[in-house]
Amino acid sequence: MHTLPRITVEVPVLSIGSEPTDYEQLGSYADALRRRQGLHLTLLHVGVLEDFSRDVADWTKGITGNAEASRATVAWLQALPVLEGFSGSAERLIVLGGGSVCGLEVDVPQRVHDFQVGLVQSLHELLDELLVDNVDDFILGSRALGFRFPRWTPHIAVGRPKARDRGPWEIGALAIDFGASRIRNRQLLPAAGETGQA
């Protein structure tokens, strides 16, 4: 199990439903319901920085070293644009992560989809700079990135599914407010010049 921090681009959930019980009622579908204060919607998963840098070094057969990949990735993350807060809604729970995670499928504004597409395009540009060939294959094959499907499904992980079936489960419509995008664990990223040796 990883103890190193995972890096993601995400938006925090500011409010969900109109009453606290609106969220708590999801406990009839999900075990180990997550605390509302920590809920978020992931826009892009980068993974553990060291693992991502190693994936790049392995893929390029050392043409791009670990330290170079780390430095470029940290600079890229710190330069990413910020998505302003927005509102969305959810009307059903879906099963994710091979059946181990239950999440709210979220309907978000088109500008959020556009922003997420822009993040993936920006990731492509980073990987081009790092001399990664066959970028799409790398993205789908990188253990750090963990992309299982090419299409992004906006969702909020809330717990583990109770039922053995795969869902989805229709729920009453929930209004959800999100804050501005942020880099999870940004404060733990190494400063320039502190990414180790190549």
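Predicted model: local features only at pLDDT ≥ 70, side-chain atom pairs only at ≥ 80, totals over all residues.
Residues are numbered from 1 along each chain as its sequence is written, and side-chain values use heavy atoms, with hydrogens and water left out.

The secondary structure of the protein chain comprises five helices and eight strands, assigned as DSSP runs (helices, H or I, at least four residues; strands, E, at least two) and numbered from the N terminus. Along the sequence these elements follow the pattern β-α-β-β-α-α-β-β-α-α-β-β-β. The radius of gyration, taken over C-alpha atoms, is 18 Å, close to the 16 Å that the globule rule (2.2 Å times the number of residues to the power 0.38) gives for 198 residues, so the chain is as compact as a globular protein of that length. Along the principal axes, the C-alpha atoms fill a box of roughly 50 × 35 × 30 Å. Of the 198 residues, 43% count as buried, where buried means under 20% relative accessible area, exposed over 50% and partly exposed in between (1.4 Å probe, protein chains only). With contact defined as heavy atoms within 4.5 Å, residues 24 or more positions apart account for 82% of the contacts with a separation of 6 or more.

A pair of aromatic rings is described by the distance of the centres and the angle of the planes. Rings of Phe, Tyr and Trp (its six-membered ring) were paired if their centres lie within 6.5 Å, with planes under 30 degrees apart counted as stacked, over 60 as edge-to-face and the rest as tilted. By this rule the count comes to four aromatic pairs. One of them is the tilted pair of Tyr29 and Trp169, at 6.5 Å centre to centre and with 40 degrees between the planes. This pair links distant parts of the chain, 140 residues apart, with Tyr29 in the loop between helix 1 (20-24) and strand 2 (30-31) and Trp169 in strand 7 (residues 169-178). Tyr29 is partly exposed, with a relative accessible area of 27%, whereas Trp169 is buried, at 13%.

The rings of Phe52 and Phe138 have centres 6.3 Å apart and planes at 75 degrees, so this pair is edge-to-face. The pair likewise links distant parts of the chain, joining Phe52 in helix 2 (residues 49-59) to Phe138 in helix 5 (residues 135-141), 86 residues apart.
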